[in-house]
Amino acid sequence: MTASRISIVLGPGVTEIAGALPLVYRDVDLLGRAGRPDRRFFLSVEPGEVVAAIGDEASGVEALGGLALGLAAPATGSVEVFGVPITLLPYYDLLTFRRRLGYLPQGDGLLQNLTLKDNVALPVRFATDHRLREVEARVAQLIDDFRLRTIAGLRPAQASEEDRRRAAMARAVALNPKLVVLELPFVGLTSRAASDLLDKVSRADDGQRRAVLLTSRDLTPSVRGLVTRTVRVVDGVAVEDKK
Amino acid sequence: MLRVLINQIRFTALQAIGLVAFLAAILAFLVISQSIRQLGRFGAVDNLGTIMVVAVIRELGPLLTALIVVSRSGTAIAAEMATNRVMGEVTALEAMGIDPYIYLVLPRMLGAIVSVATLMVLFDGVALVSGYVAAATNGMALSRYTAIVLKTLSAKDVWLTLVKGVFFGASVAVFCSYHGLAVKAGPTEIPQAVTRGVVATIVAIFILSAVFVVIAT
């Protein structure tokens, strides 16, 4: 990584390579079997692409989200986000860098002692230097976009699974990230709700498509229409890659 | 974070006022009643101030207050942190670029420090009043009681109480948060984390008390 290739300085020690792909998995061992070089995972996500990684529990797809966010380090290979080997970043640089990414963890990761509205507001309040009025405006916009107005004051335990997922997805795109990673986002949702949410999440604030990587067991036809690429993962390896 | 801080102070300090005041009153009443009787046999009632200030105000008050806070709020902090970890909330915070130690631990630590220091001052105030009640029931006049206590009580006792409040409060939050956040296996580990957090805090508070004795003397 030469200095001339570093185009944007995001913070001390945190950089982005100009023109780099949003997300690249290279030679990654998803299942913790370092002795099997034939079982390595390769995947790159292009800007504006909605990639679905499909696989069962034993396939290793569940590891993809944590690796993309730098929450886990691959035993072999590397994961690059916007050209940055994310696992090599120091902890506080990593926190800063993650503000450029949206993430829906498996389940939903909502804070149980906050209302859905406060959950949506969390990244805007704590990961930006916005003024209170700007925070309120952004949260109000997200609440409207994700149709949370009537249930915004509920705690996660009081809301339905679909409403919780809506709030979690609104939170994932609160900072208008260029890349969103969704872990099993459609579990327990109707196909209509799933396609509605994926459509919202895949559109950036300026209307452009953002890069999305989602993991799933399978895709319903309504969701399949929004996915630009499907990668089937079996035993830690991408065995099928369809556009 | 401000909301967490206010809630922490409300739960740790405000809701514990009754218990701390009650225990302070009982402790001071018992200690002073017994002391007056025993010291009176040797004509050493003037040493009552030393017992009140050294035993109750300087040592037992901070210790008992900290133990009350550990049992009420330390357990809650450890359980809450462990639940946050198990529910994936800590990971979610980190994924959003929010430092969980700043968001979860710092407001609880500040809340615990403010609460413990405040409760210690309350404890001391109630103990002094209760000590007078005990002295009065044993025939001592208010003026004499006040003179005896004020002869021993110094500014050092006040700042020592506040410094102890800072250290004891920080210990409650830090040890209980640490053990809560260290949970990995799942919900069944939460009670163990609470136990570990409380035990570690109690040990730390007793060690700190000993250190303060050495420093203060």
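Mentor: pLDDT is the predictor's confidence in each residue, from 0 to 100. This is a predicted model, in which local features need pLDDT of at least 70 and side-chain atom pairs count only at pLDDT 80 or more, while totals for chains, interfaces and linings use all residues. Residues are numbered from 1 along each chain as its sequence is written, and chains are lettered from A and ligands numbered from 1 in the order in which they are written.

Trainee: In which strand of chain A is confidence lowest?

Mentor: Chain A averages a pLDDT of 87, and 93% of its residues score at least 70. Strands (E, at least two residues) and helices (H or I, at least four) are DSSP runs, numbered from the N terminus. Strand E9 (residues 179–183) of chain A has the highest mean, 95. The lowest mean, 47, belongs to residues 6–11 of chain A, strand E1.

Trainee: How many contacts does the stretch of residues 1–9 of chain A have beyond near neighbours in sequence?

Mentor: The pLDDT is below 50 over residues 1–9 of chain A. Where pLDDT is low, the predicted coordinates should not be read in detail. With a contact defined as two C-beta atoms, placed from the backbone, within 7 Å, the number in the model is 10.

Trainee: Which helix gives the largest share of the side of chain B that touches chain A?

Mentor: The predictor gives the complex an ipTM of 0.85 and a pTM of 0.83. The contact takes 16 residues from chain A and 12 residues from chain B. Five residues of the chain B side come from residues 89–95 of chain B, helix H4.

Trainee: What is the radius of gyration of chain A?

Mentor: Chain A has seven helices and 12 strands. The radius is taken over C-alpha atoms, and the globule rule is 2.2 Å times the number of residues to the power 0.38. For 243 residues the rule gives 18 Å, and chain A is close to this, so it is as compact as a globular protein of that length, with a radius of gyration of 18 Å.

Trainee: Is Arg85(B) buried or exposed?

Mentor: Arg85(B) is found in helix H3 (residues 48–86) of chain B. Beyond four places in sequence, Arg85(B) is in contact with Val90(B), Gly180(B), Leu181(B) and Val183(B). A residue is buried if 20 or more other C-beta atoms, placed from the backbone, lie within 10 Å of its own, exposed if 12 or fewer, and partly exposed in between. Because Arg85(B) has 22 other C-beta atoms within 10 Å, Arg85(B) is buried.
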